[in-house]
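Hi,

Here is the structure I said I'd pass on. Have a look at it first, and my notes follow below.

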Amino acid sequence: MTKNISIVSIFAAIVFATVWFSSRQMELLFADSAVMTGYTLMAVMLFVALFNVRKKLSMLPLAKASTWLVFHVVGGVLCVAFFWLHTGSIWPQGAYESFLALVFYLVSISGILGYIQQRVNARKLTETGIEVIYERIPAELAEIRERVEEIVLECTEETGSDTIANHYIDTLAWYFRRPRFYLPALLGFGNARTWLRHKGRSVERYLNSDEKAYFEQVMELAELKRLVDEHYALQDINKKWLLFHLPLSVGLLVMAFWHLLLVEVYAV
């Protein structure tokens, strides 16, 4: 992927240099280059927006998603360069233009942060050693909880002791009920692991050898559940980022089209 980014970046640099040189030549001839740079910026923005269309049409042989991502990222950076070239400054004049610039920067910043976030989260998800589809997480957690409760019930029936059962009701039931430690999982903190270790030690000294065998099974499932929780947090934040970035991007395109129409109307 790094090689692809380098190649596409060189191509983008050539495109920008060509447009920049053309705009300078137009200004030397006392021609308005804003129309040319504006249309170029709109074309690149539309091209960048095609990445989401490609994701919706994943069943079609339209090149790899990773290739489209490279064009999306490099194209986004190219949009920023063309935006500055088009406006001639970091922040344009005018109320509508200022609001348009604000939305543009929000889209750009959220895109950069989202790209970094997804790269980091992808590595963290790989490090968990398991694969879980986001939509399957509730079912996965329910299966783990049911298995734990079966082990606890079997332990109570076989050993005649309710120590583990009471510990489950008082403490572990809360943990297995739904995803926990959301924020620590996002930040890479070990709160969940520390909590499990502490709760495990608090009851282990009261267990006999038979009960410990059952409790080890419970804690193994608790560790599996911790990994699923981590998947939930990391995948969930990726999806929530899209809920912020995508509507902003659509809004930016609508505002840019309106800006284009206004320019064309007043140009007549």
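This is a predicted model: local features need pLDDT of at least 70, side-chain atom pairs count only at pLDDT 80 or more; totals for chains, interfaces and linings use all residues.

Residues are numbered from 1 along each chain as its sequence is written, and side-chain values use heavy atoms, with hydrogens and water left out.

Now the overall picture. The chain has nine helices and zero strands (DSSP runs numbered from the N terminus: H or I of at least four residues for helices, E of at least two for strands). Its radius of gyration is 27 Å, well over the 18 Å that the globule rule gives for 268 residues, so the chain is more spread out than a compact globule (taken over C-alpha atoms; the rule is 2.2 Å times the number of residues to the power 0.38). The C-alpha atoms fill a box of roughly 95 × 40 × 30 Å along the principal axes, and 36% of the 268 residues are buried.

Back to glutamate 150: its side chain meets that of arginine 147 in a salt bridge, 3.5 Å from N to O (the cut-off is a side-chain nitrogen of Lys or Arg within 4 Å of a carboxyl oxygen of Asp or Glu). Both sit in helix H5 (residues 137–159), three residues apart, about one turn of the helix. Arginine 147 is partly exposed too, at 36%. Helix H1 (residues 2–28) holds another pair, arginine 24 and glutamate 27, which meet at 2.8 Å, N to O. The whole structure has 10 salt bridges.

Helix H6 (residues 163–177) is worth a look. There's a kink of about 55° in H6, centred on threonine 171 (the bend is the angle between axes fitted to the seven residues ending there and the seven starting there). Thr171 is among the buried residues of H6, which also include Tyr168 and Leu172.

How values were computed
Buried means under 20% relative accessible area, exposed over 50%, partly exposed in between (1.4 Å probe, protein chains only).
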